[in-house]
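Keep the sequence and the 3D view open as you read.

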Amino acid sequence: MKKYIDSGKNDTRSGFGAGLAELGRSHPNVVALCADLIGSLKMEKFIEENPERFFQVGIAEANMMGLAAGLTIGGKIPFTGTFANFSTGRVYDQIRQSIAYSGKNVKICASHAGVTLGEDGATHQILEDIGLMKMLPGMTVINPCDFNQTKAATIAIADHLGPVYLRFGRPKVANFTPTDQKFEIGKALMLNEGTDVTIAATGHLVWEALIAAENLENQGISAEVINIHTIKPLDEEALLKSVKKTGCIVSAEEHNYLGGLGESIARTLATQHPTPQEFVATQDTFGESGTPEQLMEKYGLNNKAIETAVLSVLKRK
Amino acid sequence: MSKLQDLVVQTRRDILRMVHKVNSGHPGGSLGCTEFFIALYHEIMDLKEGFDMDGRDEDIFFLSNGHISPIFYSTLARRGYFPVEELNTFRLINSRLQGHPATHEGLPGIRIASGSLGQGMSVALGAAQAKKLNGDDHLIYSLHGDGELQEGQNWEAIMYAAGNKVDNIIATVDLNGQQIDGATDTVLPMGDVKAKFEAFGWDVLEITKGNDLDAILVGMADAKSRTGKGKPVCVLLHTVMGHGVDFMMYTHAWHGKAPNDEQLADALSQNPETIGDY
C-alpha cells in the first residue's frame, strides 16, 4: 500500500488562514469578513497585510452574508469566516436568497465543523451543514482533508466564479498531502489503489481511511482509498470507475448520514451502478462535549469504524 | 414636472393592469411608492445607459421589500432597462418578471433577489463598501418597508452602518403604517422609528408628503447633501398605501390583493392613460 507521511499535525483552519493570506497578496479583489472569530479562523495575517480589505461585522452573521453578497456588486470576491454552524443553519435564508439564488460570488468559509470542535458541545457542532449547502442550486461544497489541502482549496476557490461552501475544522490532524498541490474543484483524488473495496472519504476522515486501509491490508483486504474533497459537484466518474472494479463501497464523513457525502454517492450508484454501500457517519444524532478523539470514537468516525464498515460491506458483495 | 407626473399616472396603470391580469401581486405598497420610484429613476439617481451588474460609476438602487415588484418592474421598463411589453409577462411561467425580483432570469436592472424580507439593507451596505474600495463616489439607494423593520437582520445592518461610518448610502423606509395582517401598530408596534435610527447613529430626515413629487425631490436632495459626512442617511418616507386609487387607500386590504374587472375599470378611470399603455 502506498505510504503517506504525516509531516506534522496541523489544523485545517490554519490552512484556510494561510491560503487567505496568500490570496491577499495575489488577488486584489479578495475581501474578507468575520463575525467576531478572527483568531478561531486564523485570519490575522490577511487582516494585518490588508486592513482596508477586511470587514469585522461583529456577532451578526445574517448581516455578514448580506454584506458579502453586496460586496460582489462592484467586483469583490468576499470570503466570510465563522464557525460552520453559524455559516449555514443560522443564515440559511440569507445564503439562499441573497447569495445562491442571486448567483453571487461569495466564498462561505466555515471552521469548527462536526464533532471535532470538541468541548463546546452540540450547540456548536454542526453535523447537517453539508446537506444544507449541497441542496442549494449552484452551490459548490468542499471539505478538504488536511492543512495543505485546505490552503490549496482556499486559493483555488477564489478563481471559481460562483458561491462556494468551504468546510474545515478545529483540531490538529495529520498533514499528509503535498505542500505544492494544485487543487482541482470536483476532481476526486486516488490515494491508494485497491481491488476489494472502495473507501470514499472526505475531510478529517480521509486520514482515518488510510489507516483503515493499512490495517485491512494486514488482513489480506485490498482497499481503494479515494479523497472526495468536493462533495458537490461529485466526481461520479471516479466513483463509478472504482466500484466497477471493487464491487462495494464505504463512505466516510464527519456528518450526519442524512444529507452527507454518503447520500450523494448512494444516489449516483443507485441510478448508474447499484452497489452495496455502508455509511461511516453520525447516525441522525447531535454531538456532545468531549475531546475530538473521544467523540470520533463514540460517534463511530475513526479508522476502526471504517474497518468495521468494510468488513460488513464485503459480506454483501 | 408634468412629464414626471405623466409617468406616475402611467406607472399606476401598469401596476393595476399587471396584478389584475394574473390576479395576484402587491398593488398597495407599489401604488404608495410610485412617486418615489419615478423621482428616483428620472431625477435623483445618476444612472449610466444600459445595465451591468457591478454598477460602477453610477448610483445603485436596491429594493429590499421585493413584494412591491410591480412598481419596480414598471419603473425599470419605462426607464429603458427592458421592453415595456414585457410587463405583460409579470408572474407568468418562463418570465423574467418573477413574483419577487430576481437576478436568476437575467432581468436588467435587478442586482439582487429580494422578497424574503429584511435582507436588502445588508446587501446595500456591502455594495456601498465596494464603492468605497473602488474609489467610486456614487451613492447607494435602498427602499425598505416599515413592517419589514420587524426583521432582526435590519438592526444588525443598521448598527453596522453607523459603526463603520458607511456614509454613501441613503436608505429609505416606506412608512405607510400597514402590513399584511393590519396596521403596523397593531401587528407589532415599532415605536418611534426615527428615534430608533438616530439612537443607532444614523442621520434621519422625514419626507412627510411621500406621495408628492416636489416634496420627494426636495427631501432627497437634502438627503444627498447629508451623505459623505460620516453617517449613514435614512429617509422616512410617509406614504399612503394604495395611493391614487380611492378605494385602495388608508387600508391594508390591498397589500397583496388584485382588483377584479370592475375594480380595475374604476381604478384605471381614476388614472387616465398618459404616455401609453404597454
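The points below go from whole chain to sheets, then to one residue and the contact between chains.

This is a predicted model. Chain B holds 10 helices and 7 strands. Five of its strands, E1-E2-E3-E7-E6, form an open parallel sheet. Chain A has an open sheet as well, and there the pairing is mixed. The two chains touch, with 28 residues from chain B and 22 residues from chain A in the contact.

**Chain B as a whole**

- Chain B is built with 10 helices and 7 strands. Its radius of gyration is 17 Å, close to the 19 Å that the globule rule gives for 278 residues, so chain B is as compact as a globular protein of that length.
- Along the principal axes, the C-alpha atoms of chain B fill a box of roughly 50 × 45 × 35 Å.
- Of the 278 residues in chain B, 52% are buried.
- Take the contacts in chain B with a separation of 6 or more: residues 24 or more positions apart account for 75% of them.

**The sheet of chain B**

- The order of the 5 strands is E1-E2-E3-E7-E6, and the pairing is parallel.
- Strand E1 (60-63) and strand E6 (203-207) of chain B are the edge strands, and each pairs on one side only.
- On average, neighbouring strands of this sheet are turned by 20° against each other, direction ignored.
- What joins E6(B) to strand E7 (residues 233-238) of chain B? The two strands pair in the parallel sense over 5 bridges.
- One bridge to look up links B:Asp203 with its partner B:Val233 in E7(B).

**The sheet of chain A**

- Here 5 strands form an open sheet in the order E9-E11-E10-E13-E14, with mixed pairing.
- Its edges are strand E9 (189-192) and strand E14 (277-282) of chain A, each of which pairs on one side only.
- The twist averages 25° from one strand to the next.
- Strand E10 (residues 197-201) and strand E11 (residues 223-227) of chain A run parallel, joined by 5 bridges. In E11(A), A:Val225 is the bridge partner of A:Ile199.
- Helix H11 (residues 261-272) of chain A packs on this sheet. H11 touches E10, strand E13 (249-256) and E14 of chain A. The direction of H11 makes about 145° with that of E13(A).

- B:Gly29 lies in helix H2 (residues 27-32) of chain B.
- Is B:Gly29 buried or exposed? B:Gly29 counts as buried because it has 30 C-beta neighbours inside 10 Å, and 20 or more are enough for that label.
- Leaving out residues up to four places away in sequence, B:Gly29 touches several others, including B:Asn65, B:His67, B:Asp174 and B:His255.
- B:Asn168 is 139 residues from B:Gly29 along the chain, and their C-alpha atoms are separated by 26 Å.

**Where the chains meet**

- Chain B gives 28 residues to the contact and chain A gives 22 residues.
- On the side of chain B that touches chain A, helix H5 (120-133) and helix H6 (153-163) of chain B each supply at least two residues.
- Which helix gives the most to that side of chain B? H5(B) does, with 10 residues.
- The residues on that side of chain B divide into 13 nonpolar, 10 polar and 5 charged.

Definitions and conventions: Residues numbered from 1 in each chain as written. Chains lettered and ligands numbered in written order. Predicted model: local features only at pLDDT ≥ 70, side-chain atom pairs only at ≥ 80, totals over all residues. Pairing = 2+ DSSP bridges. Helix = DSSP H or I, 4+ residues; strand = E, 2+ residues; numbered from the N terminus. Axes fitted to C-alpha atoms, helices over the stretch in contact; angles between N-to-C directions. Rg over C-alpha atoms; globule rule 2.2 N^0.38 Å. Buried ≥ 20, exposed ≤ 12 C-beta atoms within 10 Å, placed from the backbone. Contact = placed C-beta atoms within 7 Å. Nonpolar A, V, L, I, M, F, W, Y, C, P; charged D, E, K, R; others polar.
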